[in-house]
Amino acid sequence: MKPVKPFDIPKILLWEAFQDVKANGGAAGVDDESIEMFEANLKDNLYRLWNRMSSGSYFPPPVKAVPIPKKSGGTRVLGVPTVGDRIAQAVVKGVIEPILDPIFDENSFGYRPGKSAHDAVDVTRQRCWRYDWVVEFDIKGLFDNIDHALLMKALRYHCKIRWVLLYVERWLKAPLQNGNGEITARTVGTPQGGVVSPLLANLFLHYAFDAWVRRTLPTVPFCRYADDGLLHCKSRRQAQYVMAVIDRRFKDCGLEMHPEKSRIIYCKDAKRSEAHEIISFDFLGFTFRPRRCVSKVHGIHPNFLPAISRQSMKSVNREVRSWHMQLKNDKSLKDLSKMFNPKLQGWYAYYGRFYSSAMYRIWRNINEYLVRWLRRRYKRLASHRTRAWQYLRKLAKQNQRLFIHWKLGCLP
């Protein structure tokens, strides 16, 4: 007779969790075991993990601390669990997400099934037309400062599954290990990079912010995507009051608003004439600001609209430059299309959703690199820049499907 395990965890959950972890990829943890290495002995590895989780004897190994550069400068520490630990976390996430997600507010968009960054940007765009003022906030080091006791209190309220609570508590306490092997104990926070961490952060912020705003500021619409958020106000005075009270609220919950990334913005357009020094803000890779708009009623006029941000534009152009497209004169035009067009399509699918004409500079740069490629590939064009542009224009008209910007009509 087989011994009865303290916890009834279906084996299929681990198999499904492995498939998710494999699909998401990722680096090895402190044990240097890659996904491919884990998969080489998959049956035994999954059984061993299931056996330990079912018996209550699973203790997560230290989380690998990996410093990564921020777009805004500086670094943040990403916590990379081992492959086995990511699978264990994916099991728990699969169990508690259907329990927790229905309680979350409809204005919380980050890390949630069925919701996207585009949804958040679209909601924000419409509210900026109806409300004159925006309070923008960014939580400084959210994942590093979540209070364990408050988080576990919220989780216990909604989830009564003993093994889930046991392992979440152990993950919260799992130490960090840096590249030198030094171990750092953790008493607050949940590693940014853990599979279950975003869901836990959403649960914490649901009570620290979302539900609190609903209760104490019922007339103020908000939109939150993870640790970035916006609140829409009718007047400057209301915006100043809202900024002050949410600052206090976050401090009460052990969090801090980023002083340089939290501010009040005036949504200036053709009908709004108040004076305010800040009339733009960035959100999810888009910049909201007054932009040229054409309508039958108002003609050409400024409207408060989102478009790809300058920082996102720089990031895209930096990556395009790293491709060294102009040096690949051993490749054909179709080869270049296969290599780079999928990435261009991805950028257009995201940044082209709103005010797509702002991406013109990116498309122009791509065409410029293709002209340089032509001049290196064909000697007759090497010293004739104008002729190279004319030839590329001819190729683009004949092969408009090769590149997304050609298909959109942005020809050389």
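Helices are DSSP runs of H or I with at least four residues, numbered from the N terminus. Strands are DSSP runs of E with at least two residues. The model shown in these views is predicted.

**View 1. Lys251 and Asp247 pair along helix H10.** The side chains of Lys251 and Asp247 meet in a salt bridge, with 3.5 Å from N to O. Helix H10 covers residues 236-252. Because the two residues are 4 apart in H10, about one helical turn separates Lys251 from Asp247. How exposed is Lys251? Lys251 has 55% relative accessibility, so it counts as exposed. Asp247 has 24%, so it counts as partly exposed. As a general point, side chains of opposite charge can pair when their charged atoms come close.

View 2. Helix H5 spans residues 117-130. Asp122 and Arg125 are 3 residues apart in H5, which means about one helical turn lies between them. Asp122 is partly exposed, with a relative accessible area of 23%. Arg125 also counts as partly exposed, at 23% relative accessibility.

**View 3. A salt bridge joins Asp132 to Arg272.** The side chains of Asp132 and Arg272 meet at 2.8 Å, N to O. This pair links distant parts of the chain, 140 residues apart. Asp132 sits in the loop between H5 and strand S3 (133-138). Arg272 sits in the loop between strand S8 (263-266) and strand S9 (281-283). Is Arg272 buried or exposed? Arg272 is buried, because its relative accessible area is 7% and buried means under 20%. Asp132 has 22% relative accessibility, so it counts as partly exposed.

View 4. The structure as a whole holds 15 salt bridges.

View 5. Helix H11 (310-322) and helix H13 (360-377) each supply at least two residues of the patch. Which helix gives the most? H11 does, with 4 residues. Arg361 has its place in helix H13. Arg361 has 53% relative accessibility, so it counts as exposed.

**View 6. Strand S3 is covered on both faces.** How many residues of S3 are buried? The count is 6 of 6, and S3 is described as mostly covered. In a regular strand the side chains alternate between the two faces of the sheet. On one side of S3 are Trp133, Val135 and Phe137, and these are buried.

**View 7. Strand S3 pairs with S7 and with S8.** S3 and strand S7 (residues 228-233) run antiparallel and are joined by 6 bridges. S3 and S8 also pair in the antiparallel sense, over 4 bridges. Follow Glu136 across the sheet. Its bridge partner in S7 is Leu230. In S8, the bridge partner of Glu136 is Arg263.

**View 8. Four strands form an open sheet.** The order is S2-S1-S4-S5, and the pairing is mixed. Which strands stand at the edges? Strand S2 (75-80) and strand S5 (183-184) do. Each edge strand has a single partner strand, so one side of each is left without a neighbour in the sheet. Strand S4 (residues 176-177) runs antiparallel to S5, with 2 bridges between them. Leu176 stands opposite Thr184 in S5.

**View 9. Tyr111 has a positive phi in a loop.** Tyr111 lies between helix H4 (83-100) and H5. Its phi is about 55 degrees, although Tyr111 is not a glycine. Tyr111 has 41% relative accessibility, so it counts as partly exposed.

**View 10. His324 has a positive phi in a loop.** Where does His324 lie? His324 is in the loop between H11 and helix H12 (333-351). His324 is not a glycine, yet its phi is positive, at about 55 degrees. At 41% relative accessibility, His324 counts as partly exposed.

Note on methods
Residues are numbered from 1 along each chain as its sequence is written. This is a predicted model: local features need pLDDT of at least 70, side-chain atom pairs count only at pLDDT 80 or more; totals for chains, interfaces and linings use all residues. Side-chain values use heavy atoms; hydrogens and water are left out. Buried means under 20% relative accessible area, exposed over 50%, partly exposed in between (1.4 Å probe, protein chains only). A salt bridge is a side-chain nitrogen of Lys or Arg within 4 Å of a carboxyl oxygen of Asp or Glu. Two strands pair if DSSP finds at least two bridges between them.
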